[in-house]
Amino acid sequence: MTNKNKKFSIFFIILFLCSASMTAQDLSTAVSKDFSWQAVTDKVQRSGFYNILLDPKLMACSETADYTDFRIYQDLKTEVPYLFKKEILHTDIAGIRSFAVIENKPVIHGTSSFIFSNETGHPVDYVTLSVKNTWTSKFMNVTGSNDLKKWYGLVPEFSFDPSRPQINLPLTDYKYIRLLINDSLEAPLNITGAGQYYNEQKSTSPLSVFCSGMTISNANKTTTIKLAFAHQYVIDNLSFNITAPALYKRQAWVNGESFTLSSGQANEIALQQAVKTDTLVIRIDNQDNPPLKIQDVNAWQVPRYLTAYLEEGKSYLILTGNPGLAAPNYDLSFFADSLNRELPRIVVANEQMKHINKPASVAEKGFTLFTSKLWIWIAIIGIIALLGFMAFRMLRDMQEKK
């Protein structure tokens, strides 16, 4: 093969590799090309289910009515199923607080002793026993002590029915409480523990939504408050800081919802329907009263999460901002109840979010050979044809030399 042919071969091979590289780059960005925003999560230390907290700014980037345009990708190629969850600000949790058992000594044909310790630091007025299934009632009395040596009477002898295992006590702060059970006639009860049932209210703090400006105007016995935001934030709650007058009660409206502002209360309003907006207008009816002196109005967002299974050491990309994207259909939706529990939380910081720049049109950028996919494929086919032709020439030259 001549030097000229060698040069042509090298040129076309380089051109082919450059085209292939640009095609690969185009494929690597195909995942995010239809979205407007992306965020990268930190790598997790252990595989499992996590709640990925959606920052108010990331929620603002969603462009569908029900926030269905979120997608999670692992290593830019594998779509990861998720559940979209809105947290409840106040939940009641039922449970049992167990007492430490110091002594559990059943005595056949005698007096059994069951001692537990109240280490809560708070007085108690009842205890619930955990007893193996039985229909046997027993007579017992209850005493208390602080040193396990001197015992003082709390409840005189009474009949204990295992079907109603709660024992009422006088409010007592004795550290140790002893049950003396009369087992002289029958086999002893199998008491396995003691504790207190309780209902605990768990509260979750909402996320603050940054307000970029507030204007207040008064006209026609109505105060109008306009809140401006940098993005179309999702707003669930409002809180008002009103400094005067001392006593007031006013009807107000926001986004078609009515609520009352009144002295003597916190004036924290939970909207029945979340609002997604960059401008919020609030109107207050003053009737014949002077306008309220409003120091500030704060907007809040109830936390929302993407619950997903994340693998240790893997990188995950969250995408959103695609108005034409329908809600995903994942198997994970059938297991929502089992995932409705405390899970490790991941917070996506603002600096991990960025806008995805969409390619400008050909008219805006001018003609560029590799901007269009069609031109890329035409170039690839042409290069393959030229390489085939050059290979044919090389074979023919080799045969002529022979």
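Two strands are said to pair if DSSP finds at least two bridges between them, where helices (H or I, at least four residues) and strands (E, at least two) are DSSP runs, numbered from the N terminus. The coordinates are those of a predicted model, in which local features need pLDDT of at least 70 and side-chain atom pairs count only at pLDDT 80 or more, whereas totals for chains, interfaces and linings use all residues. Residues are numbered from 1 along each chain as its sequence is written, and side-chain values use heavy atoms, with hydrogens and water left out.

The protein chain has four helices and 25 strands. Strand E17 (222–244) pairs with E21 in the antiparallel sense over seven bridges, and within this pairing Asn241 has Asp296 of E21 as its bridge partner. Taking contact to mean heavy atoms within 4.5 Å, 78% of the contacts in the protein chain between residues at least 6 apart in sequence join residues at least 24 apart. Buried residues make up 38% of the 402 residues in the protein chain, where buried means under 20% relative accessible area, exposed over 50%, and partly exposed in between (1.4 Å probe, protein chains only).

Side chains of opposite charge can pair when their charged atoms come close. With a salt bridge defined as a side-chain nitrogen of Lys or Arg within 4 Å of a carboxyl oxygen of Asp or Glu, the count comes to eight salt bridges. One of them joins the side chains of Asp236 and Arg304 (2.9 Å, N to O), and this pair links distant parts of the chain, with Asp236 in strand E17 and Arg304 in strand E22 (residues 304–310), 68 residues apart. Both Asp236 and Arg304 are buried, and together with Lys86 they are linked in a network of salt bridges.

What is the setting of the salt bridge between Asp288 and Lys221? The side chains of Asp288 and Lys221 meet at 2.6 Å, N to O; Asp288 lies in the loop between strand E20 (268–285) and strand E21 (293–301) and Lys221 in the loop between strand E16 (213–219) and strand E17, so the pair ties together parts that are 67 residues apart in sequence. Asp288 is exposed, with a relative accessible area of 67%, and Lys221 is exposed as well, at 51%.

Lys138 forms a salt bridge with Glu186, the closest N and O atoms being 4.0 Å apart. This pair, too, links distant parts of the chain, for Lys138 is in strand E10 (residues 138–145) and Glu186 in the loop between E13 and strand E14 (191–203), 48 residues apart. Lys138 is buried, with a relative accessible area of 3%, whereas Glu186 counts as partly exposed at 42%.

A search of the whole structure finds one cavity of 30 Å³ or more, a cavity being a set of points, on a 1 Å grid over the protein atoms alone, where a 1.4 Å probe fits but cannot get out, with lining residues having an atom within 4 Å of a point. The volume of the largest cavity is about 50 Å³. Its lining includes Phe114, Ile181 and Leu189, and E8 gives the most to the lining, with three residues.

Conventions:
1 Å grid on protein atoms, 1.4 Å probe; cavity = no way out; pocket = protein on both sides within 12 Å on 5 of 7 lines; lining within 4 Å. Points joined across faces, edges and corners; volume = space filled by probe spheres on them.
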